[in-house]
Amino acid sequence: MCFNTMHFAAPQNIKYHITEKKMSNTDFISYSFIFILGLVIGSFLNVCIYRIPRDESIVFPPSRCPKCGRKLSMLENMPLFSYILQRGKCKGCQGSIAVRYPIVELLTGVSFVWLFSMLGPSAVFAKYSVMMCILLAVSFIDLEHKIIPDEIVVFSIGAGILLNIIARDVTLLSALIGFFSASGILLLMAIITKGAMGGGDIKLMAAMGIFIGNGPILLALFIGFMIGGLVSLILLIFKIKGRKDYIPFGPFLAAGVLISGLFFDEILIWYLM
Ligand SMILES: [Zn+2]
């Protein structure tokens, strides 16, 4: 991975993150910390995923069981462990807790560790962790509600600008063009196909263009279409979805943004060689 502005870095530079040193005790402590941090933030993401599409506040009131309304105790708010301890059931009404909760928590924890192993303790790691949270929230909301909320788009634009200043991995010009490029293509497609592309997808790609810059956001769009097309084809072949069914595109774009943002240089070099 190469986070300088020169995207045509020499091939021998690109794999500097693959180090073969053994894990020391301090490494183990920092990785554990990052994992637990990811679980806790993942737990907060669950609150966002549930409440933002329902236009509820994400800070108040405290978490309740969505089935019986019972307020959750401190212990029950503990990510992942409470789900395992209670075997996926609410203590009050015995109603089953959606499996999405532990999945989102675990995904956040694992992806934080993955990002940390590549980027180390750096501003770029902080930036990509925030981006990962946004992409996870967007994906799960889009899967369930088939929308990408404006609140998340606005937050992403603000966070993207701020994190670019701190991480300095994307130039201002690249971020500015990135805001318009992929989103512009999607907008054009929406006009031509009369709405086959959602407005949320367009706004998401504008915000993510700030995060990863112009070149990577265009590649992200391409990757998103490739994965989305492939998955749609599989769903059609196995008759899980019909020809007329709507398939949310947000998760595919999110995957494209993540892959392209992290591995743009590697993909480009692999393609050119
Ligand atoms: Zn309950």
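Which residues coordinate the zinc ion? In this predicted model, the ligands are Cys65, Cys68, Cys90 and Cys93, each through its SG atom, at 2.3 to 2.4 Å. Donors are taken as N, O and S atoms within 2.8 Å of the metal (3.2 Å for Na, K and Ca), and sites may look incomplete because water is not among the atoms. Residues are numbered from 1 along each chain as its sequence is written, and side-chain values use heavy atoms, with hydrogens and water left out. Local features need pLDDT of at least 70 and side-chain atom pairs count only at pLDDT 80 or more, whereas totals for chains, interfaces and linings use all residues.

The angles subtended by the four donor atoms around the zinc ion run from 106 to 115°, and the arrangement is therefore tetrahedral; for four donors, this term requires all angles to lie between 85 and 135 degrees. The donor residues follow the spacing C-x2-C-x21-C-x2-C in sequence. Cys68 is placed in the loop between α1 (25-51) and α2 (81-85), and Cys90 in the loop between α2 and α3 (100-119), so this pair ties together parts that are 22 residues apart in sequence. Helices here are DSSP runs (H or I, at least four residues), numbered from the N terminus. Cys68 has a relative accessible area of 37% and is partly exposed, whereas Cys90, at 4%, is buried. Buried means under 20% relative accessible area, exposed over 50% and partly exposed in between, with a 1.4 Å probe and protein chains only.

Helix α2 also holds Ser82, which is buried at 9% relative accessibility. Leaving aside residues up to four places away in sequence, Ser82 touches Leu75 and Glu76, where contact means heavy atoms within 4.5 Å.

Helix packing was examined for α6 and two other helices. Two packed helices are described by the angle between their axes and the distance between the axes. Helix α6 (residues 172-192) packs on helix α7 (residues 199-212) at an angle of about 160°, the axes being 6 Å apart. Axes are lines fitted to C-alpha atoms, for helices over the stretch in contact, and angles run from 0 to 180 degrees between N-to-C directions. The two helices α6 and α7 are therefore roughly antiparallel; angles over 145 degrees are given this term, and those under 35 degrees count as roughly parallel. The residues of α6 in this contact include Gly178, Phe179, Leu186 and Leu187, and those of α7 include Ile202, Met205 and Ile210.

Between α6 and helix α8 (residues 214-237), the packing angle is about 30° and the axes lie 7 Å apart. On this basis α6 is roughly parallel to α8. Among the residues that meet here are Ile177, Ile185 and Met189 of α6 and Ile217, Leu221 and Phe225 of α8.

Most residues other than glycine have a negative phi, and most peptide bonds are trans. The peptide bond from Phe60 to Pro61 is cis, with omega near -5°, and Pro61 belongs to the loop between α1 and α2. Gln94, in the loop between α2 and α3, has a positive phi, near 60°. For Arg168, also not a glycine, phi is positive at about 50°. Arg168 sits in the loop between α5 (150-167) and α6 and is exposed, with a relative accessible area of 71%.

Technical notes: Four donors count as tetrahedral if all angles lie between 85 and 135 degrees; four count as square planar and six as octahedral if opposite donors are over 155 degrees apart and all others between 65 and 115; anything else is irregular. Angles under 35 degrees count as roughly parallel, over 145 as roughly antiparallel, 65 to 115 as roughly perpendicular and the rest as oblique.
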